[in-house]
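Please walk through this structure with me, one region at a time. Keep the model open as you read.

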Amino acid sequence: MFARTTVLSRDWVYRILLASALGLGIVGVSRVWWAGLGLWKDEAGIANNLNRSYLALTGHLTYEQVAPVGWLWLEKTILEVFGAGDRVVRLPSYLGALAVLGLATLIAHRAIGRAGAVVVAGLLAVSPTLLVYSGELKQYTWEAGVAVALLVLGAWAHGAIRWAGRGLWSSVAWVAATGVAVFVSYSAILVVAAVTAAVVAMHALRRAWADAAWQAALSVPAGLAAVFLVARRHQFSFYPGQTDYFENGTAPKGAGVRELLAWPPDLWRQFVGTPMHWQLGWLTLLLMVVGVVALWRRQPVWAALLASVFVVAFGGAAARGYPMTSRPATYLIAPAVLLVVAGLDGLVRAVRGRGRPVLATVALVAVLVGVAVMVRPVYGTVRKEVAVPQGKEALRDALRDISGQVREGDLVLVYYFGKAVTEWYRPQLDLGEQVLYVRLCQPDSAVEARTSLWESISQAKRVFYVQGRLNATTRRDNFDVSVQALATIGTVKERHDAPRDRIGPHSWALVEINRTQPAPTSVAEPCLELR
């Protein structure tokens, strides 16, 4: 009776801890998503493209954006069915983050055990990257969800798909699922390759050559689809320097042997820093290696699947095909957490197996302290993010402030970096008939850029100047200088400057035009021009 009571109490403790960890994650991503912060430049660039046809979305995207065709089609469908709400267009990102949390916990429960499931859920619940991108119109948490789903699919396929005797519908399901995956996710191309290689290798180890060949053959349609999609994307231009945009994410261009050998440590430090937001990269790598070994002894399929994901990801980065750092590597967060926790579990089991409880306790405490230090950077970030989600740009809020104030004869000027955001929100707001995009005068610009703007200003009764996020190369006092330029031909009636607000930078000013003055002839004095 006492033994049964102990088992039941342990079950309840596990359920409470797991529910708490999952609840923390669900509350966190829901809080960020529900905050409904304004779209920033990159998000608005994607959103504006969604107004094009489905066919047009298979080609070159405007606003220097890159995204999987299938994901764009999904977003466009959601937009057409539910409308242009900020939360609505971010729904796939939110669902992707929830999928990562749920499916990775399921994998941990099967591959590591109940305690491992609790720790995995807890670590993913406080992942800053998953939290932030669960509330953005970007594909990263969606792709992370697809990646974890493919891991579950791979484990299922290992036991369900066979060359003979059974598995026809299972084979069809694999072809369909992997084909859809590479259509809706760029990183899925790498994950499908990794999962296929792992399952094929497991069949080969037991000398089931027919099953191995069949599994490989079933992945050919997804492979061909991936080749077509990649080739199609390369028919169009890329953002300048896009391959090297994410620091150390890919191998250095034109690197020699020495540079290539020096790159992996830099890559790993960057990966542990972002997207993981951890520190002690050497400890992270050590625990992941131990995790692979520990899983191989107990759950070899999961060891092969998780290890293959990182091998293929590294290969993609080395070939300069897909970065392994920053936000594109969000799909690797859950596999990394799973391997780290598997490593912890393996160490604890190894020490306990020696029959020395005191030593086991000391070792366990030491390992937990090391892990706590390793993941320490996430605490402050997550606490702030859940309390008050941080936006990257609040130009929407500035536009809302002036919406309704614009009268006939008024002119709205927007700092040019906010064009995508303004074009997205403009149909939803009352910004008048004319909105122009401007910047501070540049030495190499055509004179017409200044004179044309000055003609429009001179014909206006009032001018609203609105500014959001600044370009990295723009001077930090851009708002002050821009208002000074307008003050030479009018009176500043209102000024609202919020460059460092938690919801994102947003500033605006109202200038009443009451003086006539020719367009500036020199960029030495404050002046604005069309962009």
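Asn471 touches Tyr415, Tyr416, Phe417 and Arg476, leaving out residues up to four places away in sequence. Contact here means heavy atoms within 4.5 Å. Asn471 sits in the loop between β3 (462-467) and α22 (478-487). Helices (H or I, at least four residues) and strands (E, at least two) are DSSP runs, numbered from the N terminus. Asn471 is buried, at a relative accessible area of 17%. Buried means under 20% relative accessible area, exposed means over 50%, and partly exposed lies in between (1.4 Å probe, protein chains only).

A word on the source. This is a predicted model, in which local features need pLDDT of at least 70 and side-chain atom pairs count only at pLDDT 80 or more, while totals for chains, interfaces and linings use all residues. Residues are numbered from 1 along each chain as its sequence is written, and side-chain values use heavy atoms, with hydrogens and water left out.

Now step back along the chain to β3. How many of its residues are buried? The count is 6 of 6. In a regular strand the side chains alternate between the two faces of the sheet. In β3, Arg462, Phe464 and Val466 lie on one side, and Val463, Tyr465 and Gln467 on the other; all are buried.

Which strands flank β3? Strand β1 (residues 410-415) pairs with β3 in the parallel sense, over 5 bridges. Strands count as paired if DSSP finds at least two bridges between them. Asp410 stands opposite Arg462 in β3. Strand β5 (residues 506-513) runs antiparallel to β3, joined by 6 bridges. There, Leu510 in β5 is the bridge partner of Phe464.

Helix α19 (residues 395-402) comes next, with 6 of its 8 residues buried. They are Leu395, Arg396, Asp397, Ala398, Leu399 and Ile402. Their cover includes α4 (86-89), β1, α20 (419-425), β3 and β5. After α19 comes Gly404, with a positive phi near 95 degrees.

The largest nonpolar core has 149 residues, and Leu124, Leu413 and Ile457 have the most contacts inside it. Such a core is a set of buried Ala, Val, Leu, Ile, Met, Phe, Trp, Tyr and Cys residues joined through side-chain atoms within 4.5 Å. This core draws at least three residues from each of domain 1 (7-387) and domain 2 (395-530). The domain bounds come from an automatic or database domain assignment. Among the residues that Leu413 touches are Val463, Phe464, Tyr465 and Val466, along with Ile457.

How do the two domains meet? Their C-alpha centres lie 42 Å apart. At the contact, 17 residues of domain 1 meet 12 residues of domain 2. The two bury about 1,200 Å² between them, 60% of it on carbon and sulfur atoms. Buried area is the accessible area (1.4 Å probe) that two parts lose on being put together, summed over both.

Helix α8 (residues 140-160) has 17 of its 21 residues buried, so the rest of the structure largely encloses α8. Val375 lies in the loop between α17 (357-374) and α18 (377-387). Val375 is buried, with a relative accessible area of 4%. Beyond its neighbours within four places in sequence, Val375 is in contact with Leu123 and Trp278.
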